[in-house]
2 protein chains.
Amino acid sequence: MNDQEQAVLSELRAHGNKLTQARRAVVHALATSPVPLSINDLYPLAREINEDVGLVTVYRTLELLVSLGLARPVHLMDNCHGYTLATPGHTHHLHCRQCHRVIEFDGCDLGPLLERIAQQTGYHITGHWLELEGLCARCQQASDTRPAG
Amino acid sequence: MNDQEQAVLSELRAHGNKLTQARRAVVHALATSPVPLSINDLYPLAREINEDVGLVTVYRTLELLVSLGLARPVHLMDNCHGYTLATPGHTHHLHCRQCHRVIEFDGCDLGPLLERIAQQTGYHITGHWLELEGLCARCQQASDTRPAG
DNA sequence: CTACTTGCAAACACTTTGCAGTTGC
DNA sequence: GCAACTGCAAAGTGTTTGCAAGTAG
C-alpha cells in the first residue's frame, strides 16, 4: 500500500466514512494504476481485489471520493473521462497515447500566457486546465527499435 | 448567415450530402452560438429555427459534421462536452464561469513549457489541450456594480 | 449494537437503430 | 424519380435510486 492510498483512506475515515472492503478495493485499484480509470476499467480491477464489489458501489465510491476532493475526473481526448486519486496541489496530466500511462507534472508556468490572454480578452482568468498527450520514453524506444511500417 | 456557416454548408455539399432543412437548422444554431452546445442545448435551438427537427436528426447531423471535421467536441469542465463548428487551425477555449460564453484564442505559446516538460519527462509531446476559465469583462462589471454579498 | 454501507433489481436517462414516409436534387 | 434523409418508436446502453441484508466501529 503506497502513501497516497494510505492518505486517501485516512481522509475517508477523518470524514466519518467507514473503510469497507469495497472502498478499500476501489481506492487500491486507483492508487496502483498508472492511468486514469474509467468506471469500466475500474470495476473489473476492483473485483480482482474483492470479487464481491458491485458496480453500483464503484459509482458511489467514486462519487464520494470526488466530493471529498480525494479523486478527480480527468478528461481524456478519446473517451470522455477517467478518474485518478487527487494529488494535493495543482497538477496537470501528461498522457501517453500508446500505453496510456499518465504522469502528473506541476510548475506549469502559464502565468505570462494567462496575463497576455487576460489583457487581450478582458477576462479575469480564474482557472485553467491543461492536458498533454504524447509518447512516453518507453514507447518512443519501442517504436524506434521496431521495424517501421 | 456568417462565413463559417456558409463554409460548412458548402463542405457538406462537396461531400455529397444534401442540404436539408434539418441540417441547415443545426448548422445555423452552431454557427450563431458563442458557446459550445451540448445536444440538449442544440436541440431546442435547432427547433426554434425549424420546429420539425427531431432529436435523432440532431445526433446524426452532429455525427456527420464531426466525421467530416466540420465540428468538434469541446470538453467542458462541468458537464462532459459540447460541440462547436471547427475553426481551422489550433485554438483553445476561454470559458466564462458565469455567463458560459466561450471565446476561442490561438497563439498559446506553450512551446517553451512543452520543451521543458519534454526534457524533464522524456516524453515526446504530440498534442495538448488547454482550457481556461474565468469571468468575462461583462460579468466582471456586473459583479462590480452589484452590491457585494 | 447501531448507523452506515452494500448489492440487487428496477427505474431512469441518454443514445442508437429499424423502418416507412418525405425531400433534395 | 431515385437515393438520401427524416421522424417516430423501440431497442440498447450507461447511470441512479429504493430497499432489505450486511458490516465497520
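Two strands pair if DSSP finds at least two bridges between them. Strands (E, at least two residues) and helices (H or I, at least four) are DSSP runs, numbered from the N terminus. With that in hand, start where the chains meet. Strand S5 of chain A, residues 124-135, pairs with S5(B). The sense is antiparallel, and the pairing runs over eleven bridges. Pick out Gly127(A): its bridge partner in S5(B) is Glu133(B).

A word on the basis. This is a predicted model, in which local features need pLDDT of at least 70, side-chain atom pairs count only at pLDDT 80 or more, and totals for chains, interfaces and linings use all residues. Residues are numbered from 1 along each chain as its sequence is written, chains are lettered from A and ligands numbered from 1 in the order in which they are written, and side-chain values use heavy atoms, with hydrogens and water left out.

Now widen the view. In chain B, 39 residues are in contact (heavy atoms within 4.5 Å) with 39 residues of chain A. The elements of chain B that give two or more residues to this side are S3 (92-96), S4 (102-105), H5 (111-121), S5 (124-135) and H6 (137-145). S5(B) gives the largest share, twelve residues.

The buried area is about 3100 Å². That is the accessible area (1.4 Å probe) that two parts lose on being put together, summed over both. Carbon and sulfur atoms give 65% of it. Tyr123(B), Trp129(B) and Leu132(B) supply 22% of what chain B buries against chain A, more than any other three residues.
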